Amino acid sequence: MGENERTMNNIKGKGVAERSRANHNYSGEDEDDDNITSFSFPSVKSSPRNASSKYDFVKVRVWLGDNADHYYVLSRFLLSRMLTVTKIPNHVAIKIALELKKLLIDNSLLDVSQSDLEVNLFKLMERRGYGEEYINRYKMMTRFHHQRVPLVILVCGTACVGKSTIATQLAQRLNLPNVLQTDMVYELLRTATDAPLASTPVWERDFSSSEELVTEFCRECRIVRKGLNGDLKKAMKDGKPIIIEGIHLDPSIYLMDDEHKATTSVAEGHQPNPLSVASNSAVQVENNCTSTSESNVVNSQNHLVHGVSADQVNKVSESLESITLATASENKGETVKAAEVNGSTFRKEKPGPKPIIIPIVLKMAEFDHKALLEERITTRTLSGKCVVQDTDKLITNLKTIQNYLCSFESQGLTVVNVAATTFPQTLDWLHGYLLQCIEQGISSESNENSRQPAEK
């Protein structure tokens with residue numbers, strides 16, 4: 001009987017050892033995956049965020065400031081998300097974050113400064129083949145978040161070109177938490193307010209001419225722009241990034257550079273920089289606001305409802321934007337503080353960082369666009385949400401709107417061709433392009449800050 005008990009205990013001990021080794025391999029703590037005998041559990045699905053490690057139960061405090069007066073607890077998940085922003089693949093970023101925490105804990109470095117943390121992190125990045133280029137991106141994005149620079153990314157385009165997919169993927173890659181859809185704002189304004197908005201999308205309606213379609217499209221975009229005021233104000237005030245995507249985005253509302261400046265730069269043979277055009281537009285709003293009264297904007301907008309020319313659309317868009325964005329940036333600009341004892345002089349705050357506004361227009365070839373549109377119509381018809389429609393008429397309307405959006409390319413707006421066969425490459429290019437725009441925005445802000453003391 002005693003021998004049988006010993007045999008059963010040995011079997012149980014082997015089972016515990018096998019489960020222990022399986023859990024150790026599952027946590028991803030071994031660097032060389034080729035030498036690991038892994039155990040597969042096909043019935044259990046887990047994400048890298050939920051993959052636990054014994055090192056996650058030990059806290060590492062990272063101290064900030066010259067005097068190390070405050071700290072945060074190191075999170076390898078947040079660190080891996082920050083590494084993916086630099087274009088490091090997600091699975092590699094998870095391994096680097098785990099290696100860093102393992103290194104600190106094994107060496108009893110439970111209290112470490114931010115600079116020492118980055119030194120060890122950069123060494124691990126270089127060891128994995130992600131050297132100076134990726135390290136500079138990491139430093140740039142750290143500076144971007146530290147300065148709390150407002151960032152607004154506008155993903156424009158017609159229906160069925162992949163706006164939502166690209167906006168969501170970019171938000172995940174850049175670690176941006178806020179993605180706002182204009183379709184939701186449109187429906188909220190239509191159902192909860194008395195805004196003159198139709199239940200049928202503009203591109204599904206009948207118009208006598210393409211000019212009438214564009215005029216109606218611009219009118220709806222201005223109404224939706226008013227609905228975005230709260231989110232844009234918060235982004236400008238708090239310095240939080242936001243991605244806005246949808247069909248109801250008219251670039252003429254957000255590109256505020258004056259027409260004369262754009263014409264001069266094109267005539268001289270200089271291609272306008274899309275980032276400088278957008279940044280100058282956001283800074284220019286305070287000057288434009290002084291020369292435009294709110295009552296004139298309201299009267300002009302009421303006149304637009306009955307039908308106007310494209311010039312009037314642009315003028316009213318500029319006037320409306322100058323008022324709304326000026327209100328949004330008033331807390332970021334110079335504000336008057338309490339008066340001194342004599343009551344004659346005032347002290348002003350330092351102006352906040354200039355917002356970075358990056359508008360992007362997505363364009364799709366007619367063949368791919370028609371295929372996606374037919375799939376959308378079939379799905380909605382089977383679900384009873386719409387009746388059978390003329391695909392050619394819808395494609396014609398969408399092409400008219402697409403041509404209008406792409407017409408701003410001459411003003412520095414970035415137009416991106418989207419295709420099903422090259423979608424990953426397009427997404428990767430957009431990721432790099434946005435990082436470049438953010439870097440240019442931070443550099444221009446730093447240069448201006450360094451120039452101001454010299455002028456004083």
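Trainee: Which residues and atoms do the values rest on?
Mentor: Residues are numbered from 1 along each chain as its sequence is written, and side-chain values use heavy atoms, with hydrogens and water left out. As this is a predicted model, local features need pLDDT of at least 70 and side-chain atom pairs count only at pLDDT 80 or more, while totals for chains, interfaces and linings use all residues.

Trainee: In what order do the three strands of the open sheet stand?
Mentor: Strands are DSSP runs of E with at least two residues, helices are runs of H or I with at least four, and both are numbered from the N terminus. Two strands pair if DSSP finds at least two bridges between them. The pairing in this sheet is mixed, and the order is β2-β1-β3.

Trainee: Why is one side of β2 and of β3 left without a neighbour in the sheet?
Mentor: β2 (70-73) and β3 (111-113) stand at the edges. One side of each is left without a neighbour because each has a single partner strand.

Trainee: Which residue stands opposite Leu 64 in β2?
Mentor: Strand β1 (residues 61-64) pairs with β2 in the antiparallel sense, over four bridges. Opposite Leu 64 stands His 70.

Trainee: What angle does the direction of helix α4 make with that of β3?
Mentor: Axes are lines fitted to C-alpha atoms, for helices over the stretch in contact, and angles run from 0 to 180 degrees between N-to-C directions. Helix α4 (residues 114-127) packs on the sheet and touches β1, β2 and β3, where contact means heavy atoms within 4.5 Å. Its direction and that of β3 make about 85 degrees.

Trainee: How many residues apart are Lys 87 and Asp 428, which form a salt bridge?
Mentor: A salt bridge is a side-chain nitrogen of Lys or Arg within 4 Å of a carboxyl oxygen of Asp or Glu; for Lys 87 and Asp 428 the closest N and O atoms are 3.5 Å apart. Lys 87 lies in the loop between α2 (76-85) and α3 (90-106), and Asp 428 in helix α17 (residues 423-455). The pair links distant parts of the chain, 341 residues apart.

Trainee: Which helix holds Arg 173, the residue that ties to Asp 428?
Mentor: The side chains of Asp 428 and Arg 173 meet in a salt bridge at 3.4 Å, N to O. Asp 428 lies in α17, so the pair ties together parts 255 residues apart in sequence. Arg 173 lies in helix α6 (residues 163-174).

Trainee: Is Glu 99 buried or exposed?
Mentor: Buried means under 20% relative accessible area, exposed over 50%, and partly exposed in between (1.4 Å probe, protein chains only). Glu 99 forms a salt bridge with Arg 128, with the closest N and O atoms 2.4 Å apart. Arg 128 is partly exposed at 30%. At 10% relative accessibility, Glu 99 is buried.

Trainee: How many of the 10 residues of α2 are buried?
Mentor: The buried residues include Arg 76, Leu 79 and Val 85. Helix α2 is largely enclosed by the rest of the structure, because the buried residues number eight.

Trainee: With which side chain does the side chain of Arg 137 make a polar contact?
Mentor: Arg 137 is found in helix α5 and is buried at 17% relative accessibility. A polar contact is a pair of N or O atoms within 3.5 Å; within protein, one must be able to donate a hydrogen and the other to accept it, and residues adjacent in sequence count only if both atoms are side-chain atoms. At 2.5 Å, the partner is Glu 133.
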